Amino acid sequence: MREIGHYFGIGQSTVHVVLKRVNGAFNENLSKIIQWPNFLEQHSIAQDFQLLCGLPDIIGALDGTHIRLSSCIGGENDYFNRKHYHSIQFQVVVDSDLMLRDIYTG
């Protein structure tokens with residue numbers, strides 16, 4: 001929050017309020033925006049992947065990255081990654097049209 005506030009020239013408390021509102025709106029609408037495909041969608045996605053890549057029965061592509069943390073309050077060792085900095089993991093599954101189907105942070 002300190003870094004974002006400094007970048008935009010606003011106070012940390014304002015950043016906190018904005019982030020809380022954005023996260024609230026995102027969480028309220030998450031199930032409408034990001035959904036695992038139903039059986040018919042899975043079949044269609046698998047056909048698209050096979051046409052694109054020649055791989056049968058694929059309904060999602062998985063990738064992940066580390067989101068750097070500027071500071072950790074307690075449990076710092078739990079967030080220290082193999083690249084020697086503090087982070088949380090971010091994992092995404094997309095379908096053949098690059099539509100987000102699943103997101104995980106932890």
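Author: Let me begin with one term: two residues are in contact when heavy atoms lie within 4.5 Å. This is a predicted model, in which local features need pLDDT of at least 70 and side-chain atom pairs count only at pLDDT 80 or more, while totals for chains, interfaces and linings use all residues. Residues are numbered from 1 along each chain as its sequence is written, and side-chain values use heavy atoms, without hydrogens or water.

Reader: Which residues does S87 touch?

Author: Leaving aside residues up to four places away in sequence, S87 touches H66, I67, R68, L69, Y79 and N81.

Reader: And where does S87 sit?

Author: S87 belongs to strand β2, residues 87-94. Strands (E, at least two residues) and helices (H or I, at least four) are DSSP runs, numbered from the N terminus.

Reader: Is S87 buried or exposed?

Author: S87 is buried, because its relative accessibility is 6%. The cut-offs are under 20% relative accessible area for buried and over 50% for exposed, with partly exposed in between (1.4 Å probe, protein chains only).

Reader: Which side chain makes a polar contact with that of S87?

Author: The side chain of H66 does, at 2.8 Å. A polar contact is a pair of N or O atoms within 3.5 Å; within protein, one must be able to donate a hydrogen and the other to accept it, and residues adjacent in sequence count only if both atoms are side-chain atoms.

Reader: What stands opposite S87?

Author: R68 stands opposite S87 in β2. Strand β1 (residues 61-68) and β2 run antiparallel and are joined by 8 bridges. Strands pair if DSSP finds at least two bridges between them.

Reader: How many bridges join β2 to β3?

Author: There are 5, and these two strands also run antiparallel. V94 has L100 as its bridge partner in β3. The hairpin of β2 and β3 has 5 residues between the strands, and L98 takes a positive phi near 65° there.

Reader: Where is D57, then?

Author: D57 lies in the loop between α3 and β1. D57 is exposed, at a relative accessible area of 69%, and L98 is exposed as well, at 66%.

Reader: Let us turn to charges. How many salt bridges are there?

Author: The count is 2, where a salt bridge is a side-chain nitrogen of Lys or Arg within 4 Å of a carboxyl oxygen of Asp or Glu. In one of them, R101 pairs with E41, and the closest N and O atoms are 4.0 Å apart. R101 lies in strand β3 and E41 in helix α3 (residues 39-53), so this pair ties together parts that are 60 residues apart in sequence.

Reader: And which residue meets R101 at 3.1 Å, N to O?

Author: D95 does, in a salt bridge between the two side chains.

Reader: What else surrounds R101?

Author: Residues up to four places away in sequence aside, the contacts of R101 include I34, W36, P37, I45, V93 and V94. A polar atom of the R101 side chain also lies 3.1 Å from the backbone oxygen of Q35.

Reader: Changing topic: which residues make the nonpolar surface patch?

Author: M1, I4, Y7, F8, I10 and L19 make a patch of about 630 Å². Patch residues have over 30% relative accessible area and no salt bridge; like charges are joined within 9 Å, and nonpolar side chains (Val, Leu, Ile, Met, Phe, Trp, Tyr) within 5 Å. Areas come from the Shrake-Rupley method with a 1.4 Å probe; for residues, only the protein chains shown count as cover.

Reader: Which helix gives the most to it?

Author: Helix α1 (residues 2-8) gives the most, with 3 residues. L19 comes from helix α2, residues 12-33, and is partly exposed at 35%.

Reader: Finally, what does A46 touch?

Author: Beyond residues up to four places away in sequence, A46 touches L55, D57, I58 and I59. A46 is in helix α3 and is buried, at 13% relative accessible area.
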